[in-house]
Amino acid sequence: MKMSRHMTNKEIAHLLRQMAAALEVKNVDRFRLRAYENAADSIEHETTEIRDIWEQKKLETIPGIGPTLSSHLDELFKTGKVKHFIQETKSLPQAMFDILGIPGIGAKTAYKLSRELKLPKGKKAIASLKTAAEQGKIRNIEGFAEQSEQDILAGIAEQEKRGSRILLATAEPVSEKILDYMKQAPVKVIEPLGSLRRRNATVGDIDLAAATLNPQAVLEHFVKYPDKKTILAKGGNTARIILKNNIQVDLKTQTPDKFGALLQHFTGSKNHNVHLRELAVKKGLSLSEYGIKVKKTGKTEYFATEAAFYQRQDMAWIPPELREDTGEIERALKNKLPNLVKLEDIQGDLHTHSNYDWISSHDYGKDSFKEIINAAVNLGYEYIGLGDHNPSRSQYTEKQIIDLLKRRKEAIEKLRYSYEKNKTTRGIFILNVLEVDILSDGGLALPDKALSEL
């Protein structure tokens, strides 16, 4: 397990998940295991660096971090290691922690593969695992088969494909925090760019664009961002910084009269922009981040807004989420773009995870049934599904799983009755649902009798 005093939130969350994995392999108290997983989730979604919160002596304000974990993090930030973590993991093959991030490989699988294949620790662990799968050595291990090797190779390929891209759920709050900070500078408008603005599932670096009449003041304010670790570049109309969480952020500036062209140019996907340029050429136009050049006259027209930029090409403004060249340009030319779903259109949620007291294989929630229902009521939902992940088949017998679902159903029925009696909340419909694994043989990770309890 790698530890240091200067770990990022992502690295600390990974460290805590490694501890949870160690406890799972050792069959330690499930409540301790859940505590580490819940704390890892909270830290991963925290937009302020945990080290900064530690310096403010406010670690226990983070959901899931109590006195014990707070003391462990205190030791980590002071010394660069946690003796308890070292003690708990020293008897386990260290390579298991290096292959845990591969999709489809859980704690016990990682432990077994590391032990049986005698995988080396560090960066060589994944390469050795890949070689073993390619050479057909994994199918000979008890509990594994030829399909297991294909699944492992697919998982490694998926991890390699992900590279250093950031989940939208991680990038968005980070960018929003920077955008709020930048509004203190002399900007007219400031927006995210690229895949972040298109709201893709993953994004690369965070790119921003600001409309301003004072670019130097804006860039100077940007490079003084409190969560900045390093300034990579600053000059002309751009600046680039690295945050303490190692995310790179770029800022471009432009005068307000040309901002629409810049925003459009750096938002659309490559295919979307190529398609636009091809259509423009047929009309004797040339598109760029500065505006639209009319080839016949040689003059460049400038646009303060994206709407005007698209309108100049005889099409409706295209929402960023649609700019992937999947037919949106043709629809915009006919003024037949679809209406995107808005927050107020959402009538309910069916996929929620609570903190209901049982052992599932993964994905615990942090709120109670009641807290989830109350949040749904406050959102004006018509319905809410109280969902969790199915009970772990390795921890319970079939009879225990059925009994657990019966007890859970009773708890939900009591809540449903109390909310139906309440005049202010009886309009919400409460559903008893579950996320159920599909097993390798195509069956469900629940006995058939248990399904009747849902």
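## Close-up views of a predicted model

**View 1. Arg-115 and Glu-116 are joined by a salt bridge.** In this salt bridge, the closest N and O atoms of Arg-115 and Glu-116 lie 3.1 Å apart. Everything shown in these views comes from a predicted model. How accessible are the two partners? Arg-115 has a relative accessibility of 41%, so Arg-115 counts as partly exposed. Glu-116 is partly exposed as well, with a relative accessible area of 40%. If you like to keep score as you explore, the structure holds 23 salt bridges.

**View 2. A salt bridge brings together the side chains of Glu-44 and Arg-17.** Here the N to O distance is 3.2 Å. Which helices does this pair connect? Glu-44 belongs to helix H2 (residues 30-44) and Arg-17 to helix H1 (residues 9-25), so this is a link between distant parts of the chain, with the two residues 27 apart. Glu-44 counts as partly exposed because its relative accessibility is 29%. Arg-17 also has a relative accessible area of 29% and is partly exposed.

**View 3. Lys-26 and Glu-88 meet through their side chains in a salt bridge.** The distance from N to O in this bridge is 2.9 Å. Once again, distant parts of the chain are linked: Lys-26 sits in the loop between H1 and H2, Glu-88 sits in helix H5 (residues 83-89), and 62 residues separate them. Glu-88, at 12%, counts as buried, because buried means under 20% relative accessible area.

**View 4. His-353 lies in the loop between strand S11 (348-349) and helix H17 (369-378).** Although His-353 is part of a loop, its relative accessibility is 18%, so His-353 counts as buried. What does the side chain of His-353 make a polar contact with? The partner is the side chain of His-351, at 3.2 Å. Leaving aside neighbours within four places in sequence, His-353 is also in contact with a set of residues that includes Asp-363, Tyr-364, Gly-365 and Lys-366. Among the other contacts of His-353 are Ile-372, His-389 and Glu-435.

**View 5. Lys-57 has a positive phi value, although Lys-57 is not a glycine.** The phi angle of Lys-57 is near 60 degrees. With a relative accessibility of 77%, Lys-57 counts as exposed.

**View 6. Asp-314 is another non-glycine residue with a positive phi.** For Asp-314, phi is near 65 degrees. Asp-314 is found in the loop between helix H15 (306-311) and helix H16 (328-333). Its relative accessible area is 54%, so Asp-314 is exposed.

**View 7. Val-294 has its place in strand S9 (residues 292-294).** Is Val-294 buried or exposed? Val-294 is buried, because its relative accessible area is 15%. Not counting residues up to four places away in sequence, Val-294 touches Gly-284, Leu-285, Lys-299, Glu-301 and Arg-312.

Key: Residues numbered from 1 in each chain as written. Predicted model: local features only at pLDDT ≥ 70, side-chain atom pairs only at ≥ 80, totals over all residues. Heavy atoms only, no water. Helix = DSSP H or I, 4+ residues; strand = E, 2+ residues; numbered from the N terminus. Buried < 20%, exposed > 50% of the residue type's maximum accessible area, 1.4 Å probe, protein only. Polar contact = N/O pair within 3.5 Å; in protein donor to acceptor, adjacent residues only side chain to side chain. Contact = heavy atoms within 4.5 Å. Salt bridge = Lys/Arg side-chain N within 4 Å of Asp/Glu carboxyl O.
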